[in-house]
Amino acid sequence: MLRKLLIANRGEIACRIIRTARELGIQTVAVYSDADRHAQHVLLADESIHIGPAPSAESYLVIDKIIAAAKQTHADAIHPGYGFLSENEDFADACARNNIIFVGPPSSAIAAMGSKSAAKAIMGEAGVPLVPGYHGADQSPTTLRAAAAEIGYPVILKAAYGGGGKGMRIIESAADFDTALESAKREAQAAFGNDKMLLEKYLQNPRHVEIQVFCDEHGNAVYLAERDCSVQRRHQKVIEEAPAPVLASSTRVAMGEAAVRAAQAINYVGAGTVEFLLDHNNQFYFMEMNTRLQVEHPVTEMVTGQDLVAWQLLIASGEPLPLAQDQISIHGHAFEARIYAEDPNHDFLPSTGTLTILRPPVTSAHVRIDSGVVEGDEVSSYYDPMIAKLIVWGENRTVALQRLIQALNDYRIAGVHTNIDFLRRIAGHKKFMQAELTTHFIERYQRDLFPELTSELITDYAIMAALAEHSSPNLSANPWATERAFRLNEPKQITTTYHHDNELLTVTLTAQDKTWYHEPSASYWQVETTGERWYFSKNGHRRHVHILASNADIGVMTDFANIRFARHQVALHQDTAVAAGGLVAPMNGTIVQVLVKAGEQVTAEQPLVIMEAMKMEYTIRAPHAGLVEQIYYQAGELVSDGAELIRLTEA
Ligand code: ADP
């Protein structure tokens, strides 16, 4: 067995690998960049080595640094995880040259699958069904155009060395061919340093079904069932499940056997995934083979009861496969949902920031969470913004799906935007429940999955946030908000300002007994809380709402939407040195209001300008009495740190 394992990765997958290594009595070494100094994978490992600055090109992707770390710590093996160097044949070779076991296939197998074109040629020869297409060496536009015509439109153009959906174009007709080819080549060249293309018939509404295979050094090969990863957004997986629903067992066996043939054709060793497209006639076609552990491997673990990382480590140390094909069976159903720090309402833009609240659902034999972060950690822009993988199991698909929805409902995250609402809408969608899966699921049900956040809806949520803060002043860590609520208690009117989508949103509510009136929307509100649970009634319609508050923001979550409002804070203590120094902007920001006019006489301490920066308001006051000689900026203008705002002469 291996003695010491270095994990050349970070985040959840590094933590996941460390967990199994520890169970097997293997010592672990983490590597980390500047950004990951205090990351969970570093804390979990027995030893850790710093490998450079935050950008992965200068740390996690530098082969020499990883090899040096392994030598320094006398690790006898390296697990690459997924992404980073996991499918890099040079890295596998460098490990071999340095007598370090690479937990993965031989570099020749990585190379064989590194090009989708070459892979298809090998698979065709091994008798694995292929999507009709062209994967030849002749890359002249004329040849490619002729091939597309022969295949018949629509066709899909793919970068031979591509991945992650980059360099891929669906072409509907011959008229679009040239433009699509040019742009796909440009994208592929930029992303992969190679613009070789292949063409395939574009299948209408296929499913993405992939087979987990394992091979050992002794010639044994098995498949561990399949995963359905049809629910995708821009060709990226969103929710995965095992087994694939409504799949005839004859198809399952045929796919499994084809996948094993595929692996054997390249003398594969270790864990691999053979991806297929499945059409509505139950025909399946080889798409590509991933020569590593997949993100979605846990769903296979849940239904087979096997630890795939343990299998990888056993095989890497030269052991035979733990089970034969007839000893592998599937039990129940599992789902995985990828929880991301991203904003579904803004084209899934990654959302960075501090995870001020991170309370996952309770884990059990049925609910598993693979994560690499804890409350207080930062989601930075350097790496993939995945927060966690939520994996659930049930006796059957229906039970598993109920557990998935429940767990998504129980997830509490504040500080960054997340896709949890979006995942919940998919999981709760009638067609998803009916297992009507295709790779176009998200596009097709776009309207249901992205309900419009109207300004009425946002106002309602802001009202609930304001009422929550008013009813429970300790919700707001912001002393000013408390003070304001307190001060305005008497006239029973509250005014709260939030930021939403870079806009200021002010709600004013007036109380009559225990009912709050919001004039602009002519709505009546009541609020009840037990401290933990919140209920809001709008015009007599009462519902349960989750409130999540942190210093920086307050989140209002319902079954329908999860809206976060950034607190609009007003700086209480002004940096007097800056103020006295002479009317300059204390930081980069925006002028909110100019309170004086040129030629006006002002007294010491009189407010002159209000500016906003980092969601805080700053009041620039007169350091002394004087005459306003000149005003350099108007409301709405951006100013940079140190810019002179106003010229004031001594009185
Ligand atoms: P990448 O390596 O960039 O992820 P893949 O070749 O794995 O690209 O394809 C990703 C996804 O694109 C598939 O899961 C499927 O949804 C879609 N796709 C790929 N090839 C075809 C095809 N021939 N017909 C229809 N959809 C396809």
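Q: What's the angle between helix 3 and helix 4, and how far apart are their axes?
A: In this predicted model, helix 3 (residues 63-72) packs against helix 4 (residues 89-97) at about 30 degrees, and the axes are 10 Å apart.

Q: Roughly parallel or roughly antiparallel, then?
A: Roughly parallel, because angles under 35 degrees count that way.

Q: Is that crossing of helix 3 and helix 4 left-handed or right-handed?
A: Right-handed.

Q: Which residues meet there?
A: From helix 3 you have Ile-63, Ile-66 and Ile-67, and they meet Asp-90, Phe-91, Ala-94 and Cys-95 of helix 4. By type, the contact residues of the two helices are six nonpolar, one charged and no polar.

Q: OK, switching to Ala-75. Where is it?
A: Ala-75 sits in the loop between helix 3 and strand 4 (77-79).

Q: Buried or exposed?
A: Ala-75 is buried: its relative accessible area is 9%, and the cut-off for buried is under 20%.

Q: What does Ala-75 touch?
A: Leaving out residues up to four places away in sequence, Ala-75 touches Lys-4, Leu-6, Ala-70 and Ile-100.

Q: Now the largest nonpolar core. Which residues touch the most other members?
A: Leu-390 and Ile-426, out of 37 residues in that core.

Q: And which element gives this core its largest share?
A: Helix 12, with six residues. Among the others supplying at least two residues each are strand 22 (386-394) and helix 13 (420-427).

Technical notes. Residues are numbered from 1 along each chain as its sequence is written. This is a predicted model: local features need pLDDT of at least 70, side-chain atom pairs count only at pLDDT 80 or more; totals for chains, interfaces and linings use all residues. Side-chain values use heavy atoms; hydrogens and water are left out. Axes are lines fitted to C-alpha atoms, for helices over the stretch in contact, and angles run from 0 to 180 degrees between N-to-C directions. Helices (H or I, at least four residues) and strands (E, at least two) are DSSP runs, numbered from the N terminus. Angles under 35 degrees count as roughly parallel, over 145 as roughly antiparallel, 65 to 115 as roughly perpendicular and the rest as oblique. A crossing is left-handed if the near helix is turned anticlockwise from the far one by less than a right angle, and right-handed if clockwise. Contact means heavy atoms within 4.5 Å. Ala, Val, Leu, Ile, Met, Phe, Trp, Tyr, Cys and Pro count as nonpolar, Asp, Glu, Lys and Arg as charged, and the others, Gly among them, as polar. Buried means under 20% relative accessible area, exposed over 50%, partly exposed in between (1.4 Å probe, protein chains only). A nonpolar core is a set of buried Ala, Val, Leu, Ile, Met, Phe, Trp, Tyr and Cys residues joined through side-chain atoms within 4.5 Å.
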